[in-house]
Amino acid sequence: MTATAEDLLARLAKLETGLVSDVMDEAGLPNHALSSALAPLAAGTRFAGVAVCARGEAAVSGGHARPALPGPALEAAMSPGSVLVIDSGGFSRGALLGGFVAYSLQRAGCVAIVTDGPVRDADEIRGLRLPVVSGGVTPVNGSRRWKWTDIGVPVTLPGQEGRPVAIAPGDYLLADGDGVVVIPAAVAETVIADSEELARIEKSIGAGLRAGGTRAEVFKANPRFDHVRPATGKR
């Protein structure tokens with residue numbers, strides 16, 4: 001039986017990014033971790049959610065400039081468990097959002113925001129207890145310099161491998177103190193199940209080491225990755 005998104009999210013939230021990263025490497029999906037240059041506003045940031053993807057670009061005046069998204073479009077796209085993923089288009093001259101937008105999105109069901117662009121009102125957002133991972137913090141208002149152009153489209157963010165990580169609407173994101181990993185929706189059920197099994201194996205390894213076994217002995221008795229299945233539906 002196929003697990004529901006709600007069930008997968010509940011299970012994903014109990015895992016660590018390191019476990020998921022190891023499983024995705026073994027499954028043949030090495031480009032899954034966002035760059036460590038994207039930093040959380042608050043220490044101890046942890047979340048699991050489903051991607052709602054948006055992007056924008058530097059605001060350019062002119063008769064043929066792309067129109068900006070309507071004001072309520074972001075909130076309308078949110079549902080419980082949503083993570084807003086924003087591709088800034090390389091913009092860094094001002095904040096993509098601040099405290100008012102963050103609060104409005106949270107109220108609409110958003111559980112976290114991830115972007116390669118800057119944000120502002122950092123202390124206010126920390127007070128909301130809304131996890132935000134961003135490319136920086138600035139007091140400069142980006143709304144005079146940048147505009148939202150698309151929502152519900154695939155985007156990319158900088159990856160730890162040195163190349164962009166593709167993120168599509170409906171993909172799963174997990175964040176903890178080690179960073180953010182992205183799991184394509186097509187393989188989420190398999191990756192989560194194999195990560196749960198790896199967690200059980202690592203618990204056995206820890207018990208064996210504490211019981212006095214050598215690392216070589218304990219690892220040999222508890223192969224970590226034999227159960228990991230190859231990914232299908234790769235991007």
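## Terms and basis

Buried means under 20% relative accessible area, exposed means over 50%, and partly exposed lies in between (1.4 Å probe, protein chains only). This is a predicted model: local features need pLDDT of at least 70, side-chain atom pairs count only at pLDDT 80 or more, and totals for chains, interfaces and linings use all residues. Residues are numbered from 1 along each chain as its sequence is written, and side-chain values use heavy atoms, with hydrogens and water left out.

## Salt bridges

A salt bridge puts a side-chain nitrogen of Lys or Arg within 4 Å of a carboxyl oxygen of Asp or Glu. The count comes to nine. One of them pairs Arg55 with Asp150, at 3.1 Å from N to O. Arg55 belongs to strand β2 (residues 47-58) and Asp150 to strand β8, so the pair ties together parts 95 residues apart in sequence. Strands (E, at least two residues) and helices (H or I, at least four) are DSSP runs, numbered from the N terminus. Arg55 is partly exposed at 31%. Asp150 is buried at 14%.

Two other bridges sit within helices. Asp123 meets Arg126, with the closest N and O atoms 2.5 Å apart. Both lie in helix α5 (residues 122-128), three residues apart, about one turn of the helix. Asp123 is exposed at 63%, while Arg126 is partly exposed at 37%. In helix α6 (residues 188-210), Glu197 and Arg200 are also three residues apart. Their closest N and O atoms are 2.9 Å apart. Salt bridges that share partners join Asp7, Arg11 and Glu196 into one network.

## Trp146

Trp146 lies in strand β8 (residues 146-151). Its relative accessibility is 4%, so Trp146 counts as buried. Contacts (heavy atoms within 4.5 Å) beyond four places in sequence include Arg55, Ile86, Phe91 and Leu96. The Trp146 side chain reaches the backbone oxygen of Ser88 at 3.0 Å. The C-alpha atoms of Trp146 and Gly94 are 7.7 Å apart, across 52 residues of chain.

## Second largest pocket

A pocket is an open set of points on a 1 Å grid over the protein atoms alone, where a 1.4 Å probe fits, with protein on both sides within 12 Å along at least five of seven lines; lining residues have an atom within 4 Å of a point. The second largest pocket holds about 300 Å³. It is lined by 23 residues, with Asp176, Gly177, Asp178, Gly179 and Val180 nearest its centre. Elements supplying at least two lining residues each are α2 (17-27), β1 (39-40), β11 (172-176) and β12 (179-183).

Key: Points joined across faces, edges and corners; volume = space filled by probe spheres on them. Polar contact = N/O pair within 3.5 Å; in protein donor to acceptor, adjacent residues only side chain to side chain.
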